[in-house]
Amino acid sequence: MTDGRMFSRDELIPVLEEVSKHLDTKTSVYLIGGLGMVLHGYKAITYDVDIVFDKEEDLKRFITATEMAGLKSISDKSEEYVQ
């Protein structure tokens, strides 16, 4: 996130649910980092969403689902984000 905004569980769950509506095939998605901690109640908010995929097909499927859900890529990435 380039704007420094933080996101709570109440904001993130509906977005993930919307993305999941656009997945037509079983897709393995691993939510890690701050988001994982938020979802398990160890942390209240996070700056970003860290996701890991076992298979490239799952990654491609997930990207398509995010686009269908109306999410957009960050085009202006900060140096910290790139690293």
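Helices (H or I, at least four residues) and strands (E, at least two) are DSSP runs, numbered from the N terminus. The model is predicted, and residues are numbered from 1 along each chain as its sequence is written. Local features need pLDDT of at least 70, side-chain atom pairs count only at pLDDT 80 or more, and totals for chains, interfaces and linings use all residues; side-chain values use heavy atoms, with hydrogens and water left out.

**Exercise 1. The order of elements**

Find how many helices and strands the protein chain has, and in what order they run.

Solution. Step 1: the protein chain has four helices and four strands. Step 2: read from the N terminus, the order is β-α-β-α-β-β-α-α.

**Exercise 2. The span of α3**

Solution. Step 4: after the helix comes G70, with a positive phi near 95 degrees.

**Exercise 3. The faces of α3**

Decide which residues of α3 are buried and where they lie around the helix axis.

Solution. Step 1: buried means under 20% relative accessible area, exposed over 50%, and partly exposed in between (1.4 Å probe, protein chains only). Step 2: D58, F62, A65 and T66 of α3 are buried. Step 3: the buried residues fall within an arc of 100 degrees seen down the axis of α3, so they line one face of the helix; the arc is that of the directions from the helix axis to the C-beta atoms. Step 4: K60, E67 and M68 are exposed on the other side of α3. Step 5: the cover over the buried residues of α3 includes α1 (9-21) and β4 (50-52).

**Exercise 4. Salt bridges**

Count the salt bridges and place each one in its helix.

Solution. Step 1: a salt bridge is a side-chain nitrogen of Lys or Arg within 4 Å of a carboxyl oxygen of Asp or Glu. Step 2: by this rule there are three salt bridges. Step 3: in α1, K21 and E18 are three residues apart, about one helical turn, and their closest N and O atoms are 3.4 Å apart. K21 is exposed at 63% relative accessible area, while E18 is partly exposed at 30%. Step 4: in α3, K60 pairs with E56 at 3.4 Å between the closest N and O atoms, and the two are four residues apart. Step 5: D58 and R61, three residues apart in α3, meet at 2.7 Å, N to O. D58 is buried at 5%, whereas R61 is partly exposed at 21%. Step 6: an α-helix has 3.6 residues a turn, so residues three or four places apart point the same way.

Terms used:
Contact = heavy atoms within 4.5 Å.
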